Every structure is written in C-alpha cells, then in structure tokens.
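Here's a quick briefing to read alongside the model. Have the structure open and follow along topic by topic.

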Amino acid sequence: MQTSKIISSISWALVASCVASASAHAATKFPEKNIELIVGYKPGGGYGDLAQAIAPFIEKHLPNKVNVVVRNMDGASNVIAANYIQKAKPDGYTIGLYNVAGLALGQVGRKTQYDLAQVTWLGRLGVDNVLAMVSAKGPYNNILDFKKQTKPQYIVSIRGITDNNTVAAALAFDKLGVKWKPLNHEGASSAILSVIRGDADIIMASYESFQQYLDSGDMKAILFYDDVRSPKLPNTPIPAEVGLKELGQALNSQRMIGAPPGLPADVRAVLETAIKKAVDDPGFIELMRKSKKSIDYLDGKESAAVVNQTMSSHKNFSGIINGLVNEGK
C-alpha cells in the first residue's frame with residue numbers, strides 16, 4: 001500500500017514536471033518567424049519614422065532571432081490598419097503602432113470594425129501634444145484673442161474634417177464661443193504654409209511634428225494641450241489657464257503598440273518585455289534624442305487604462321465629433 005502511494009506520488013510529480021516543461025518550451029518557442037509591425041500611415045511621417053526606429057531594437061531584445069518588419073498600410077487615418085490588426089490571428093506575429101486619439105474619435109463618432117477596448121495593448125512609446133499655432137507675423141498672441149471675433153469667421157487650416165487636430169480646434173472654439181470655418185489641405189506642409197502666408201488664421205497640429213516651424217520663427221505657439229506647461233514652451237498657456245480644462249490631454253496622440261484581441265499571455269509577455277527593453281536601450285534613446293522625439297513609456301496594463309480614459313473623455317465630446325463626422329461624409 002505504501003509502495004503504491006510512493007509510485008502514485010512519483011507519477012504525479014513526473015506529470016507536473018512535464019506540464020511545466022511544456023509550458024516553458026511554449027513560452028520560449030515564440031517567435032519562430034518574422035513579426036509584422038503595421039503602421040497606418042505612409043512612410044516618412046511621424047508614425048512611420050517611429051516604427052522604423054523601434055523595430056530593430058524590438059528585434060534585438062526578442063528571445064529568438066527573427067526580424068520585425070515594418071509594413072505601412074495607409075488609408076482612412078489609421079482605420080484600415082486598425083481594422084486589419086483587429087481581425088488578424090492573435091499569435092503575436094501581427095502587431096501595430098496605433099494613433100489612439102484619432103482612432104478613439106472615430107470609434108465615438110461612428111460604428112467601426114476595430115474596438116480599442118478589445119486590443120491587446122503592449123506598451124506606449126510616447127505622447128505627442130496638440131499645439132495651437134499662428135503666424136509669428138499675425139495679430140494673435142493668445143487663444144483668447146479669437147474671442148474678439150474680429151472676422152465673421154476665423155479660418156482654421158486643417159488636414160481632413162475628422163482629423164484629431166480638427167476636432168481639437170472645433171472643441172476649443174465651440175467652448176470659447178468663436179465662429180470658424182475649415183480650410184482643408186491634402187498634406188501637412190501645405191496646411192502650415194497657408195497659415196504662414198495668411199490664408200488661414202490658426203492651425204492645431206502635433207508639437208513634435210511641427211516644432212521646426214517654431215524653431216525657425218515662422219510660427220508662434222498660443223496653446224499647448226496638457227495639464228502642465230511644457231518646459232520647452234514655458235510661456236505658452238495650457239487649456240486649464242484659458243477656461244478649457246477638460247481639453248488638457250484628451251486629444252493628444254498616444255503612440256501605442258497593440259496586438260489583436262485574445263493574444264496568449266505567454267506571447268504577450270515576450271513582446272511586452274522586448275518592447276520595454278527596446279525603449280530602455282541606449283541606442284534607441286540616443287536615436288530619439290537626435291530626432292527631437294520624446295519617450296514616455298507605459299506598460300501594457302497602464303496603456304489599456306489610458307485608452308479607457310481617452311474613450312471616456314471622447315464620449316463627452318460626442319455631439320461635436322458626430323457633427324464633424326457627418327460633415328466629412
């Protein structure tokens with residue numbers, strides 16, 4: 001009887017050992033082939049450049065030697081890429097770099113195939129703040145100057161009626177009681193030049209993508225979207241200082257890496273660890289410093305919380321967002 005119990009105990013120990021060994025093997029087996037990093041924009045833009053920058057460092061810190069291949073999937077302001085990732089097999093071989101703010105606006109404004117609440121978030125790489133800019137030679141020095149309404153309608157230079165920056169302008173001017181109309185452009189360079197020339201009065205834009213125009217002296221910043229003033233723009237007010245507190249961080253671009261819903265926990269752990277090590281890599285840090293891009297890392301759990309907060313705040317703006325979406329149809 002005692003011998004039988006000993007044999008039984010040994011048998012269960014062997015089974016447990018085999019299960020643990022198999023689980024460990026499954027975790028270290030990934031990845032076995034190249035990983036695609038999907039970007040919903042053309043090469044050369046802020047997101048495309050960031051994807052190209054981070055990809056080799058993620059490769060470097062994966063447990064197995066595979067490539068992380070950047071694939072640009074331009075169209076519908078990141079929506080085509082988001083839809084593609086949402087429907088991809090959750091095996092870790094398809095991940096994407098998301099513009100969370102823009103996609104959140106789309107999800108609030110209309111029915112979408114993608115669902116940011118269901119994405120497996122792996123980490124945030126950085127945040128790009130929205131900035132209100134005017135011509136350095138123009139008459140405006142503060143966003144509150146527009147409340148004087150010296151024109152029947154102010155002209156806002158935009159790049160798409162449902163673009164995140166267009167929504168930033170719409171919300172700010174709605175709350176300030178300012179009348180405005182959009183002047184649409186195909187590209188960022190033509191949009192900024194229309195303000196420099198005086199064809200438009202103001203533009204809302206990504207700080208990191210447009211800071212060159214501030215550095216050159218062609219443009220001046222009159223509003224920086226955040227909850228605290230930027231050390232780089234210490235004289236530029238934030239929304240809370242001009243009666244727009246609820247717009248503080250709600251519209252800033254959260255640059256996050258995500259994967260399809262249902263990604264297995266062991267695969268997720270491998271990817272999340274590689275991304276964290278990539279962000280901390282001295283080579284990547286130096287690359288970001290040279291390109292004047294900031295790093296503001298959050299892990300997967302923290303990133304998911306930010307996404308939920310963003311979606312919640314955007315629902316408060318649903319009336320204006322829906323109006324812009326309907327206008328853009």
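This is a predicted model: local features need pLDDT of at least 70, side-chain atom pairs count only at pLDDT 80 or more; totals for chains, interfaces and linings use all residues.

The protein chain has 11 helices and 11 strands, and 50% of its 329 residues count as buried. Among contacts between residues at least 6 apart in sequence, 77% join residues at least 24 apart.

**Aromatic pairs**

- The count of aromatic pairs comes to 10.
- One of them is Tyr 140 with Phe 146, a stacked pair at 4.3 Å centre to centre with 20° between the planes.
- Tyr 140 and Phe 146 are both buried.
- Back to Tyr 207 and Phe 224: their ring centres are 5.9 Å apart and their planes are at 85°, so this pair is edge-to-face.
- That pair ties together distant parts of the chain, with Tyr 207 in helix α7 (residues 207-215) and Phe 224 in strand β9 (residues 219-224), 17 residues apart.
- Ring pairs also link Tyr 140, Phe 146, Tyr 154 and Phe 173 into a cluster.

**Charges over rings**

- Arg 71 has its charged end over the ring of Tyr 84, 5.2 Å from the ring centre.
- Arg 255 does likewise with Tyr 47, its charged end sitting over the ring at 4.7 Å from the centre.

**The six-stranded sheet**

- Six strands make up an open sheet with mixed pairing, in the order β2-β1-β3-β10-β4-β11.
- At the edges are β2 (68-72) and β11, each pairing on one side only.
- What joins β4 to strand β10 (residues 253-259)? Seven bridges do, and the two strands run antiparallel.
- Within that pairing, Gly 126 stands opposite Arg 255, and Thr 120 has Ala 259 as its bridge partner.
- β3 is joined to β10 by four bridges, again antiparallel, and Tyr 98 has Met 256 of β10 as its bridge partner.
- Two bridges connect β4 to strand β11 (residues 298-299), also antiparallel, with Arg 124 opposite Leu 298.

**How enclosed the strands are**

- Strand β4 (residues 120-128) has nine of its nine residues buried, so it is largely enclosed by the rest of the structure.
- β10 is mostly covered too, with seven of its seven residues buried.
- As a reminder, side chains in a regular strand alternate between the two faces of the sheet.
- In β10 both faces are covered: Ser 253, Arg 255, Ile 257 and Ala 259 are buried on one side, and Gln 254, Met 256 and Gly 258 are buried on the other.

**Helix α3**

- Which residues of helix α3 (residues 79-87) are buried? They are Val 79, Ala 81, Ala 82, Asn 83, Ile 85 and Gln 86.
- The buried residues of α3 pack against β1 (35-39), β3 (94-99), α4 (100-109) and β10.

**Nonpolar cores**

- For context, nonpolar side chains in soluble globular proteins tend to be buried together.
- The largest nonpolar core here has 54 residues, and those with the most contacts inside it are Leu 116, Ile 143, Phe 146, Ile 202 and Met 204.
- Helix α5 (residues 164-176) gives the largest share of this core, eight residues.
- Apart from that core lies another, of 34 residues, among them Ile 35, Ala 53, Ala 259 and Phe 284.
- Leaving aside neighbours within four places in sequence, the contacts of Ile 202 include Ala 132, Met 133, Val 134, Ile 143, Phe 146, Ile 155 and Phe 173.
- Val 195 and Ile 222 are also among the residues in contact with Ile 202.

**A look at Ser 206**

- Ser 206 belongs to strand β8 (residues 202-206).
- Is Ser 206 buried or exposed? With 14% relative accessibility, Ser 206 counts as buried.
- Its side chain makes a polar contact with the side chain of Ser 209, at 3.2 Å.
- Not counting residues up to four places away in sequence, Ser 206 touches Asp 128, Asn 129, Asn 165 and Arg 255.

Key. Residues are numbered from 1 along each chain as its sequence is written. Side-chain values use heavy atoms; hydrogens and water are left out. Rings of Phe, Tyr and Trp (its six-membered ring) pair if their centres lie within 6.5 Å; planes under 30 degrees apart count as stacked, over 60 as edge-to-face and the rest as tilted. Buried means under 20% relative accessible area, exposed over 50%, partly exposed in between (1.4 Å probe, protein chains only). A charge sits over a ring if NZ of Lys or CZ of Arg is within 6 Å of the ring centre and within 35 degrees of the ring normal. Two strands pair if DSSP finds at least two bridges between them. A nonpolar core is a set of buried Ala, Val, Leu, Ile, Met, Phe, Trp, Tyr and Cys residues joined through side-chain atoms within 4.5 Å. Contact means heavy atoms within 4.5 Å. A polar contact is a pair of N or O atoms within 3.5 Å; within protein, one must be able to donate a hydrogen and the other to accept it, and residues adjacent in sequence count only if both atoms are side-chain atoms.
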